[in-house]
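Subject: Structure for you to look at

Hello,

Please find the structure below, with its sequence. My notes on what was found follow it.

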Amino acid sequence: MDRESVKVMARRNHQSAATVRRHIRQAFRTVVTEPMSLSLPDGELVLVIDGLWAVFRGRRWVLYNMALKPVGSSTAWFLTPHLRAGHEGTRGWEEALATIPAELGKRIRAVVSDGISGIAGLLQNHGWLSQLCHRHLLSALDIRLGPPRRQRVRQQPGRGIKAAILELLACGDDGRATALCDELLWLCSHPNCTAGLRSTVRN
C-alpha cells in the first residue's frame, strides 16, 4: 500500500475510512485463509526480494517479501512473506529463503535485491547470482562517479560505463547485450577505473 494512510486511501477512492478498513480486513482474511497456489511456467527463475519494515506497539518488524519471475518475463508471482521482529538482516533473509519450496529453489538462477549488507554471501551459499535492482544500481553508479561536474572532468571511463549500462538495461537484443558487456569489461580495464566502480559494474 506504499505506506499510504487509510484516510488518504479513502479520500482518493471517494469512500469512508471505515469502508476502506473493511476492504483491507477482507483482503487480509482471504490471503491468510486461502492456500497459496503457484502456477509458474517451466524454466529458469529470477527471485526478487525486498524488506518492508514498520513499527507496531513500539516494536520494529520486517516483512521479508519475495517474488518469482521467469527469466525474460515481466510477470512475477509473490511467495508467502516472512515476518520477523527486529531490523532487516541476513538472519531474517536466511529464514525467509528457507520457506521457498525446494522444487522452485532449484530453478532460481539469480536474485535481485537492494544490496543489503551480507546478502551476496548468503545467496552464494545457494548458488544464486546476486544482482542489484536497476534503481539501486544506477544510484550506486552515480555515487561512484561523483557529482556531475566531476563526471564531466573525468569523462573516461565513468561516462562510457554509465552510457553502456543504461543501454544494456534497456537492451532486448542478445548480440548487442554481449557487445555491451565486452565494452564494459574493456572500460573497467582503464587505468582511471577505481576498484569501487569495477565492483558496481560487476553487480
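Two strands count as paired if DSSP finds at least two bridges between them. With that in mind, L47 stands opposite V111 in strand 5. Please note that this is a predicted model.

Strand pairing
Strand 5 covers residues 108–113, and its pairing with strand 1 is parallel, over 4 bridges. Strand 1 (residues 45–56) is also joined to strand 2 (residues 59–70), by 12 bridges, and these two run antiparallel. Strands 1 and 2 make a hairpin that has 2 residues between them. In that turn, R57 has a positive phi of about 55°.

Rings
R60 also lies over the face of W53, 3.9 Å from the ring centre. How many aromatic pairs are there? The count comes to 1. The pair is Y64 with W93, and its geometry is edge-to-face, with 4.8 Å centre to centre and 90° between the planes. It links distant parts of the chain, since Y64 is in strand 2 and W93 is in helix 3 (residues 90–97), 29 residues apart. Both Y64 and W93 are buried.

Helix 5
Q124 lies in helix 5, which spans residues 119–126. Is Q124 buried or exposed? Q124 counts as exposed because its relative accessibility is 61%, and the cut-off for exposed is over 50%.

Regards

Definitions and conventions: Residues numbered from 1 in each chain as written. Predicted model: local features only at pLDDT ≥ 70, side-chain atom pairs only at ≥ 80, totals over all residues. Heavy atoms only, no water. Buried < 20%, exposed > 50% of the residue type's maximum accessible area, 1.4 Å probe, protein only. Phe/Tyr/Trp six-rings, centres within 6.5 Å; stacked < 30°, edge-to-face > 60°. Lys NZ or Arg CZ within 6 Å of the ring centre and 35° of its normal.
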